[in-house]
Amino acid sequence: MNAPPSRPASPDASPVSNPDTPAPIGADALRDAIVQKLIYSVGKDRRHARDHDWFVATALATRDQIVERWMDATRRSYRDGRKRVYYFSLEFLIGRLLMDALSNLGLVETARAALADLGVDLERLRHVEPDAALGNGGLGRLAACFMESLATLGIPSHGYGIRYDHGIFRQAIKDGWQVELPEDWLSSGNPWEFERPEVSYSVGFGGTVEATPGPDGTPRAVWRPAESVKAVAYDTPIAGWRGTHVNTLRLWSARAADPLSLEDFNRGDHVGALADRVRLEAISRVLYPSDATPAGHELRLRQEIFFASASLQDLLRRHLQQHGELSSLPDHVSIQLNDTHPAIAVAELMRLLIDERGLPWNLAWRITTSVFNYTNHTLLPEALEKWPVALMEGLLPRHMQIIYLVNAYHLESLRASGTTDAARVAALSLIEENGGRYVRMGNLAFLAARRVNGVSALHTELMKQTVFRDFHALYPDRIVNKTNGITFRRWLFQANPGLAGLMDESIGTAHRDDASKLASLAPFADDAAFRDRFRAVRRANKVALARIVAERVGVSLDPDAIFDIHIKRIHEYKRQLLNLLETVALYNQMRAHPSRDWAPRVKIFAGKAAAGYHQAKLIIKLANDVARVVNNDPALRGLLKVVFLPNYNVSLAEAIIPAADLSEQISTAGMEASGTGNMKLSLNGALTLGTEDGANIEIRDHVGAENIFIFGLTAEEVAARRALGLDMTDEIARSPALTEVLAALADGQYSPDDRHRYRGLVQALRHHDFFMVCADFDAYCAAQRDVCTLWRDVPAWWRRAVLNTAGMGWFSSDRTILEYAREIWTAVPGPA
């Protein structure tokens with residue numbers, strides 16, 4: 001194996017024992033605490049309590065164990081004056097918290113015993129808890145992993161975001177189509193959070209800006225918003241590993257200043273009396289509301305300024321309370337912008353410092369550019385947000401003034417330094433002038449950031465070469481790489497206790513505190529008895545997943561088949577379509593050659609499409625149409641099954657990932673910033689089938705090139721092929737299998753109820769294949785046949801599976817956060 005050795009952990013890379021940490025509670029005491037919570041907080045008698053009542057009581061008793069540690073960590077942070085990290089993210093996909101909290105506190109078996117004494121099954125309770133609907137995909141899950149690692153490493157920090165009432169949506173499948181329904185995760189309350197009605201801030205919209213004389217006679221801008229909304233804080237304590245440090249996730253809920261117009265109500269307009277409240281409080285109703293309408297577009301901007309402003313007001317209040325003045329803010333505060341969504345915080349901080357606190361412009365800009373850092377997560381144009389100038393001027397007039405002035409100084413400095421090329425100056429401007437005027441939020445974030453980071457080695461280099469090429473030339477030291485990571489506590493210890501237990505028996509428990517110790521598992525790859533046990537754990541996980549599939553979609557699965565997993569947000573660049581085309585080609589081959597020794601295969605898809613993304617929703621429909629045909633064909637004898645599992649979330653991922661044999665990471669090269677699903681699957685021993693994209697490259701380097709299947713065009717080859725045009729007629733003609741598949745789709749063989757359903761999709765593949773599906777089809781099919789060949793060689797497959805797990809220690813989010821702390825935030829970890 002050619003993988004580089006895992007990096008040794010530094011002394012502060014794992015939690016340090018804290019002598020002030022409370023002694024762990026015993027089973028008897030926890031049992032009594034649960035009963036007390038059931039009676040006095042839930043208001044139920046033991047004899048009449050239902051599972052949800054027991055869940056709430058257990059969560060509250062567990063929360064009590066966290067709170068003392070939380071208070072202690074807060075007091076230490078104030079006492080020591082250590083630098084705080086503020087993580088601004090529109091998403092925090094934290095999932096269920098009961099097992100996460102119990103595991104990090106070391107109380108899983110204690111709670112199991114305590115509940116058993118009460119006749120209650122902990123495993124049943126863990127499934128009662130709803131997933132917190134606070135995110136959608138990798139962006140939100142990364143934020144959740146980072147919050148847990150920040151606590152584990154003892155770095156004082158706050159996560160700031162929005163407390164969405166209904167999340168993005170609950171996905172249902174009706175007649176094969178995605179249907180969006182509101183999430184109801186808060187319908188029975190949230191036992192983990194503390195409402196803080198005393199912590200609220202006013203956020204304004206619209207209105208006018210007036211120039212009035214300041215104390216020294218110089219003009220001072222005064223923004224008079226036309227309307228405002230209150231941001232009310234809800235706090236969730238986030239405990240690190242072994243409970244030695246606890247940080248805060250503070251989420252904001254929108255509240256109208258006036259609950260209703262009493263005048264309208266008394267006139268009989270009972271609905272109209274609530275109109276303003278409904279409109280203002282819509283800010284925290286739904287994650288990523290559709291921006292297909294002007295109202296939806298404006299709501300997204302309202303969301304971003306709402307949480308950015310409230311968070312900045314909050315952290316400035318905390319800093320002033322502790323330090324009394326603002327010039328020292330960069331010494332005590334580092335703000336990380338998780339993608340471009342919070343970039344409006346740059347203009348808002350300038351407004352707060354200048355207009356509200358009276359700082360001069362130059363000092364305010366120095367502070368601003370010293371505290372902000374910016375993580376870019378994608379090179380897709382739609383993710384590098386741009387806001388119409390007209391919308392900004394109407395909704396945030398003072399912010400627009402500030403952005404204009406920042407841009408003026410910026411362009412003036414370019415001219416002073418000799419940058420006069422018009423095209424380059426236009427590219428560096430914060431305002432786009434072509435085809436309408438827009439504020440470029442990515443440019444604003446870059447200009448204000450102390451450091452800008454990509455999230456994989458390839459992505460960081462592509463940032464330098466593409467979207468931020470001109471900025472990189474101007475500030476060559478600003479862009480750095482911080483490859484993403486995942487928390488092993490959730491994605492191995494909790495999600496796959498069978499494998500974690502096997503590892504404890506084989507290599508000891510040191511890997512639970514130091515992920516680099518996973519490397520000591522590598523010699524066991526050549527131990528046949530260990531491989532058999534590793535395989536048995538996987539099969540048990542596959543049996544468990546098969547039960548879920550049978551319950552949810554009514555399809556029976558063979559646990560001895562290859563579980564081929566493609567779980568991620570549905571998007572054309574993630575190329576679920578390529579997987580489906582190969583599925584149809586495989587189906588054709590199985591029907592044409594029934595006597596071949598086919599390896600049984602189960603294709604499992606899961607993921608949500610954005611509500612307004614028609615093509616992605618059509619791909620979901622295709623997945624279900626292909627599943628209907630394949631799963632009901634008796635000629636296949638069950639050798640191929642296709643499943644689309646609805647409403648993909650963290651809890652479903654925790655069931656799927658430990659059961660995966662093959663991890664589909666097949667995005668168009670150069671378009672996936674990093675990925676973290678690839679890390680979770682490889683950590684659990686799945687073999688990756690992927691392109692040279694995102695973190696796939698670094699996974700290959702760590703697990704060994706012979707233990708991963710890499711195929712297809714490279715990022716450079718994709719760019720070269722696009723330069724030749726997007727028509728794929730010749731590529732299709734050279735591939736009989738692809739020709740047959742596209743003809744079947746175009747002819748309606750998979751959509752007899754609407755034979756034209758996929759003709760537009762096929763036409764796009766033929767003549768405008770931007771995502772290189774056709775260009776990579778044959779290489780992908782060949783790689784899939786290599787997968788089948790290796791699957792038949794049982795010792796070789798499971799040797800590679802073990803080596804995948806052994807090679808993943810570097811991908812711990814603890815390592816990532818340690819790099820951020822040292823190289824971006826200058827924040828000191830622990831003692832925890």
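Mentor: Start with glutamine 494, which lies in helix 19 (residues 488-494). Keep in mind that the model is predicted.

Trainee: Why does glutamine 494 count as buried?

Mentor: Buried means under 20% relative accessible area. Glutamine 494 has 10% relative accessibility, so the residue counts as buried.

Trainee: What makes the link between the side chains of glutamine 494 and aspartate 100 a polar contact?

Mentor: The cut-off is 3.5 Å between N or O atoms. The two side chains make their polar contact at 2.9 Å, so the pair is within the cut-off. Beyond its neighbours within four places in sequence, glutamine 494 also touches Met99, Ser103, Arg126 and Arg489.

Trainee: Next, isoleucine 66 in helix 2 (residues 51-80). Why is isoleucine 66 called buried?

Mentor: Its relative accessibility is 3%. The limit is under 20%, so the label holds.

Trainee: Which residues does isoleucine 66 touch, leaving out those up to four places away in sequence?

Mentor: Ala101, Leu105, Pro237, Ala239 and Val246. As for asparagine 104, its C-alpha atom is 9.9 Å from that of isoleucine 66, and the two residues are 38 apart along the chain.

Trainee: Now the rings. How many aromatic pairs are there?

Mentor: The count comes to 24.

Trainee: What makes tyrosine 87 and phenylalanine 146 an edge-to-face pair?

Mentor: Their ring centres are 5.9 Å apart, and the limit for a pair is 6.5 Å.

Trainee: Why are phenylalanine 524 and phenylalanine 530 called tilted?

Mentor: The centres are 5.1 Å apart and the planes are at 50°. Stacked needs under 30 degrees and edge-to-face over 60, so 50° leaves tilted. Phenylalanine 524 is partly exposed at 22%, while phenylalanine 530 is buried at 4%.

Trainee: What puts arginine 302 over the face of phenylalanine 205?

Mentor: Arginine 302 lies 4.4 Å from the ring centre, and the distance limit is 6 Å. Lysine 386 lies over the face of tyrosine 438, at 5.2 Å from the ring centre.

Trainee: Last, helix 27 (residues 715-723). How do you know that its buried residues line one face?

Mentor: The buried residues are Ala715, Val718 and Arg721. Seen down the axis of helix 27, they fall within an arc of 125°, so they line one face. On the other side, Glu716 and Ala723 are exposed.

Trainee: What do the buried residues of helix 27 pack against?

Mentor: Helix 17 (457-465) and helix 28 (729-733). Just after helix 27, glycine 725 takes a positive phi of about 115°.

Conventions: Residues are numbered from 1 along each chain as its sequence is written. This is a predicted model: local features need pLDDT of at least 70, side-chain atom pairs count only at pLDDT 80 or more; totals for chains, interfaces and linings use all residues. Side-chain values use heavy atoms; hydrogens and water are left out. Helices (H or I, at least four residues) and strands (E, at least two) are DSSP runs, numbered from the N terminus. Buried means under 20% relative accessible area, exposed over 50%, partly exposed in between (1.4 Å probe, protein chains only). Contact means heavy atoms within 4.5 Å. A polar contact is a pair of N or O atoms within 3.5 Å; within protein, one must be able to donate a hydrogen and the other to accept it, and residues adjacent in sequence count only if both atoms are side-chain atoms. Rings of Phe, Tyr and Trp (its six-membered ring) pair if their centres lie within 6.5 Å; planes under 30 degrees apart count as stacked, over 60 as edge-to-face and the rest as tilted. A charge sits over a ring if NZ of Lys or CZ of Arg is within 6 Å of the ring centre and within 35 degrees of the ring normal. The arc is that of the directions from the helix axis to the C-beta atoms.
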